[in-house]
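Me: I would like to learn how to read the features of a structure one at a time, with the general idea given before the particular case. Could we go through one together?

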Amino acid sequence: MSDTTKCLIIGSGPAGYTAAIYASRANLAPIIYEGLQPGGQLTTTSEVENFPGYPDGVMGAQLMDDLRRQAARFDADLRTGVITMVDFSKRPFIAVSDDGTKIKADTVIIATGASARYLGLDDERRYAGLGVSACATCDGFFYRGRSVAVVGGGDTACEEAYYLSGLAKQVYMIVRKDYLRASKAMQKRVTEKENITILFNTQTRGLFGEEFVEGAHLVEYAGTPEEHEFDIKIDGFFLAIGHKPNTDIFRGHIELDEQGYIKLTGNDQSTSVDGVFAAGDVADPVYQQAIIAAGSGCRAALDAERFLMEHQS
Ligand code: NDP
């Protein structure tokens, strides 16, 4: 099967759906491939309280469903499926989906997002949404006056620990090395904060708790003669060991930075390939917020529309 479109959108987080709303309303009749997890990362968080327009908060899954329905209202062609191969060497661009459908697209908007890295413990899955989170800004509010741990020693971990220290009673940082990788300024902030305790040379073995997280099993100096195990009591376990942009299929087809994020080449959402645009976390190692992703999805759709006007034959 083969389809053609003026605008192919790959990915369905806030960036992808917003791009779809704008592209549809501009009569580009976009096709949007929603990927393995329609709605993206927000569908796995609980309540979202910082997306403007929802004064009482909204469940992440509901927010994404609202965005999806808004895109559908303007006849975006929403498809369940994953793009597995792209060819950006000439226009129209080619993309192939997991069911073998070949799409010829005059423009492409990549909005495949990023995935938080996890340690790979079974307990992270068991307590997902029950105390395990990879986003302090999203979920920190629920831990006011409680105890939490943040895993990682980079800038994100320090930022998250510092943010959480303003809400929680006690914050532990679980750092596997004997130093923080974060910038000196961030290190200073967390080391000077009274209610942050940094556990160096420490790794997580597991989590425990009846229904919700109630604590973590840790090990200090693992694999050395000084190795010893101990538990801490916590209500929240936050992963901050980095994000991985979902760009594997674009490697070699488009310019990526050293972390694998898509490089934006100008003041808009353009990439190294004319006519291919990127929006949301896949091109944003810094902010990684839903509202920013939605805004950049709007920009990418406007950029695609302008590109098509300029390249009309
Ligand atoms: P980083 O890669 O910088 O840090 C990841 C941290 O997680 C490291 O301490 C690393 O430990 C630890 N880690 C990784 N895997 C594991 C594991 N399996 N078990 C335990 N610990 C693990 O990621 P960040 O997300 O912190 O930052 C990404 C980039 O974004 C960086 O360049 C950072 O500077 C930047 N950034 C800048 C900010 C700012 O300027 N305000 C804010 C946030 C991020 P180890 O050191 O042992 O490898």
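Me: The charged end of which residue sits over the ring of Y162?

Reply: Before the case, a word on the source: this is a predicted model, in which local features need pLDDT of at least 70 and side-chain atom pairs count only at pLDDT 80 or more, while totals for chains, interfaces and linings use all residues. Residues are numbered from 1 along each chain as its sequence is written, and side-chain values use heavy atoms, with hydrogens and water left out. A charge sits over a ring if NZ of Lys or CZ of Arg is within 6 Å of the ring centre and within 35 degrees of the ring normal. Here the charged end of R189 sits over the ring of Y162, at 4.2 Å from its centre. K193 also lies over the face of Y162, at 5.4 Å from the ring centre.

Me: How many aromatic pairs does a search of the whole structure find?

Reply: A pair of aromatic rings is described by the distance of the centres and the angle of the planes. Rings of Phe, Tyr and Trp (its six-membered ring) pair if their centres lie within 6.5 Å, and planes under 30 degrees apart count as stacked, over 60 as edge-to-face and the rest as tilted. The search of the whole structure finds five aromatic pairs. One of the pairs is formed by F88 and F93, whose ring centres are 5.5 Å apart and whose planes stand at 75°, so the pair is edge-to-face. Both F88 and F93 are buried, where buried means under 20% relative accessible area, exposed over 50% and partly exposed in between (1.4 Å probe, protein chains only). Together with F250, F88 and F93 form one aromatic cluster.

Me: Which parts does the pair of Y143 and F238 tie together?

Reply: Y143 lies in the loop between helix 4 (136-139) and strand 11 (147-151), and F238 in strand 17 (residues 236-239), so the pair ties together parts that are 95 residues apart in sequence. Helices (H or I, at least four residues) and strands (E, at least two) are DSSP runs, numbered from the N terminus. Y143 and F238 are both buried.

Me: Which residues that surround the ligand are the closest?

Reply: A residue is near a molecule or strand if one of its heavy atoms lies within 4 Å of it. Around the ligand there are 14 residues, of which the closest are G153, D155, T156, R176 and R181. By class, this shell has three nonpolar, six polar and five charged residues, where Ala, Val, Leu, Ile, Met, Phe, Trp, Tyr, Cys and Pro count as nonpolar, Asp, Glu, Lys and Arg as charged, and the others, Gly among them, as polar.

Me: How many Å is an oxygen atom of the ligand from an N or O atom in the side chain of R181?

Reply: A polar contact is a pair of N or O atoms within 3.5 Å; within protein, one must be able to donate a hydrogen and the other to accept it, and residues adjacent in sequence count only if both atoms are side-chain atoms. An oxygen atom of the ligand is 2.4 Å from an N or O atom in the side chain of R181, and the corresponding distance for the side chain of R176 is 2.8 Å. For G154, a polar backbone atom is 3.3 Å from an oxygen atom of the ligand. Taken alone the ligand exposes 910 Å², and the protein buries 67% of that, with accessible areas from the Shrake-Rupley method with a 1.4 Å probe, and for residues only the protein chains shown counting as cover.

Me: Which residues does a cis peptide bond join, at an omega of about -5°?

Reply: Most residues other than glycine have a negative phi, and most peptide bonds are trans. In this model a cis peptide bond joins R91 and P92, with omega about -5°, and P92 has its place in the loop between strand 6 (83-87) and strand 7 (93-97).

Me: Is N27 buried or exposed?

Reply: At 64% relative accessibility, N27 counts as exposed. Its place is in the loop between helix 1 (14-25) and strand 2 (31-33), and N27 has a positive phi of about 65° although it is not a glycine. D75, likewise not a glycine, has a positive phi of about 70°, and D75 counts as exposed at 65% relative accessibility.
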